[in-house]
Amino acid sequence: MFKNLAEKALKLMGWETDNHWPENLSQCVMIAAPHTSNWDALYARLALKALGVNVRLTIKDSYMQFPLGPFVRAMGGIGIDRRPKQAGEPRPSMVQVMTDLFKQHPELVMLVTPEGTRARQEQWKTGFYYVAVNAGVPIALAYMDYEQKKAGVGKIIHPTGDFEEDMAEIMDFYAGIQAKFPKEFSVDQRYYKAS
């Protein structure tokens, strides 16, 4: 039902979906970019719902408690706890905690926004790449293109372990996407190889 509603809502707003989502994909890290406006979340969520992709968002475990917990879970929130398991142990890294979630959840599409903010960032957070490599899962490239009025999943990347080359491929994909506020969007300039 929600899938059909999402499809109709997108059409009413003049948007279409891009579906490069493999039917048998049960786990991946999903990038959502560009992220320059609060509208991005609406179009991304509608497009992913229309494609039948249920994404999860990591959030601090304390937000999973009442009264916010039920709402956060309904929105796809999944709690993370970075406290050491034993007293005196170091706190686990965010990459490790997120990697472990893939062991705990056989079906997990983890949505990340590596820009980290709606303001222009010429260097992205790259932890998503290491999560994908460590968990042995692909990276799905979700996007919202305001010029073409198209949103969805444009490509699936299977990390090779060659960080520089894989990141260059990701940046090459996003370099052609038109953000709502183009001046506020940049791919990671460390890895983009303009042709």
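Before the tour, two notes. This is a predicted model: local features need pLDDT of at least 70, side-chain atom pairs count only at pLDDT 80 or more, and totals for chains, interfaces and linings use all residues. Residues are numbered from 1 along each chain as its sequence is written, and side-chain values use heavy atoms, with hydrogens and water left out.

**Stop 1: the domains.** Colour residues 1–53 as domain 1, 55–80 + 90–101 + 126–137 as domain 2, and 159–194 as domain 3. These bounds come from an automatic or database domain assignment. Eight residues of domain 1 and seven residues of domain 2 make the contact (heavy atoms within 4.5 Å).

**Stop 2: the interface.** Stay with domain 1 and domain 2. About 630 Å² is buried between them, and carbon and sulfur atoms give 72% of that area. Buried area is the accessible area (1.4 Å probe) that two parts lose on being put together, summed over both. Now select strand E2 (27–33) and helix H2 (39–50). Each supplies at least two residues of the side of domain 1 that touches domain 2. E2 gives the largest share, five residues. Helices (H or I, at least four residues) and strands (E, at least two) are DSSP runs, numbered from the N terminus.

**Stop 3: Gln27.** Select Gln27, in strand E2. Is Gln27 buried or exposed? Gln27 is buried, with a relative accessible area of 17%. Buried means under 20% relative accessible area, exposed over 50%, partly exposed in between (1.4 Å probe, protein chains only). Show its side chain. A polar atom there lies 2.8 Å from the backbone oxygen of Phe102. The backbone oxygen of His105 lies 2.7 Å from a polar atom of the Gln27 side chain. Beyond four places in sequence, the contacts of Gln27 include Pro106, Leu108 and Val137.

**Stop 4: Ala132.** Move to helix H5 (residues 127–135), where Ala132 is found. Ala132 is buried, with a relative accessible area of 1%. Leaving out residues up to four places away in sequence, Ala132 touches Val29, Val137, Pro138, Ile139 and Pro159.

**Last stop: Glu164.** Draw a line between the C-alpha atoms of Ala132 and Glu164. They are separated by 15 Å, and the residues are 32 apart along the chain.

Definitions and conventions:
Polar contact = N/O pair within 3.5 Å; in protein donor to acceptor, adjacent residues only side chain to side chain.
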